[in-house]
Amino acid sequence: MNQKIFISLFLILALSACTQSLAESTPQPPPATFTPTLSFDTPAPPANTPVAGATNLPLPLPTFTPLSQTTPSGASNLYAVINVFPDDVLNIRSGPGVGNSAIGALQPNQSGLTRTGKQSSVGEDIWVEIENPSGGTGWVNADFLTEYVAPNSFCADARVNTLIDNLKSAVNASNDDILASQIHSLHGLDVRLWRYGTVANYTLEEATWVFESDYEVNWGPAPGSGENTLGTFSAVVLPKLQEVFGSIYNLHCNDTLDLATFSLEPWPPEYANINFYTVYKPGTEQYGGLDWHAWTVGVEYVGGQPYLFALIHYQWEP
């Protein structure tokens, strides 16, 4: 082979090897990662997403006071029945699960119940053993039990006022994190736009993006018109919450005030063992006081700690 040609081929091969070596040693960008989206209603929005037309300046942090873990006087190992309607009973069974025979029954408003500490999973349900008021022991579905707190102990518990203040901060700032921190995974949060309308239950996970959800709920017939109210939480429920919690309101413990004038049973009977506050925005003289609005805020105790259990809206019904 011609010596010049041989040298040229040698230089070309060497240059190619060097280029390949440099390419392999140069840091490469990491591969794109996949972030799963949540499956309820709508995917959670990405954090720090700029909003068209906004200045994107940092928003002031809403007021938020962490709840203490102190057990109030009156909170104990006693339990009570919830979510059972007046014309029904809660069966006590010989073992965990509906396949076992009923050996007794609890009334919808029964309280003073004691758990033995035994529990068992049956499908997606948790069953717990209780002391049968008629004697012996039996099993009930834990979803229909709540920790019992006497009304006077509840009204004296300053942590509930903190809970309501945190709800106010969450609502006025549309802050999912604060709202979710006030809800327990046991029963979630029941929301009713109208007293006799749809009950929308938000789990702890769902509460973490409820303000951004585009899922539309049929909230049921509106007072007066009787027409069904259809819309998202933010479009329909949030303005009603902000109207009250963004105003000067009064708090009334376990008192529905004059709400009974417009709702025969303002506080649902299936919530008989759930304490509540009425958050009441008085009406104005301009409208003869008829433009009042109110929310009842039901509170459940889990491990001696108060959590949001239910929100029900009320307004004047023509």
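Colleague: Which residues does Gln315 touch, not counting residues up to four places away in sequence?

Modeller: In this predicted model, Gln315 touches Trp194, Lys240, Trp292 and His293, once residues up to four places away in sequence are left out.

Colleague: Why is Gln315 called buried?

Modeller: Gln315, which lies in strand β15 (residues 305-315), has a relative accessible area of 18%, and buried means under 20%, so the label applies to Gln315.

Colleague: What makes the pair Gln315 and Lys240 a polar contact?

Modeller: The side chains of Gln315 and Lys240 are joined at 3.1 Å, and the cut-off for such a pair of N or O atoms is within 3.5 Å.

Colleague: How do you know that Asp176 has no salt bridge?

Modeller: A salt bridge requires the charged atoms to be within 4 Å, whereas Lys168, the nearest side chain of opposite charge, is 19 Å away from the buried Asp176. The side chain of Asp176 does have a polar atom 3.1 Å from the backbone nitrogen of Phe211, and Phe211 is one of the residues that Asp176 touches.

Colleague: What makes β14 and β15 paired strands?

Modeller: Pairing needs at least two bridges, and strand β14 (residues 293-302) and β15 have 10 bridges in the antiparallel sense; Thr296, for instance, stands opposite Ile312 in β15.

Colleague: Why are β9 and β12 said to stand at the edges?

Modeller: The open sheet has the order β9-β8-β15-β14-β13-β12, with mixed pairing. Both β9 (200-202) and β12 (250-253) have a single partner strand, so one side of each is left without a neighbour in the sheet.

Terms used: Residues are numbered from 1 along each chain as its sequence is written. This is a predicted model: local features need pLDDT of at least 70, side-chain atom pairs count only at pLDDT 80 or more; totals for chains, interfaces and linings use all residues. Side-chain values use heavy atoms; hydrogens and water are left out. Buried means under 20% relative accessible area, exposed over 50%, partly exposed in between (1.4 Å probe, protein chains only). Lys and Arg count as positive and Asp and Glu as negative; His and the chain ends are not counted. A polar contact is a pair of N or O atoms within 3.5 Å; within protein, one must be able to donate a hydrogen and the other to accept it, and residues adjacent in sequence count only if both atoms are side-chain atoms. Contact means heavy atoms within 4.5 Å. Helices (H or I, at least four residues) and strands (E, at least two) are DSSP runs, numbered from the N terminus.
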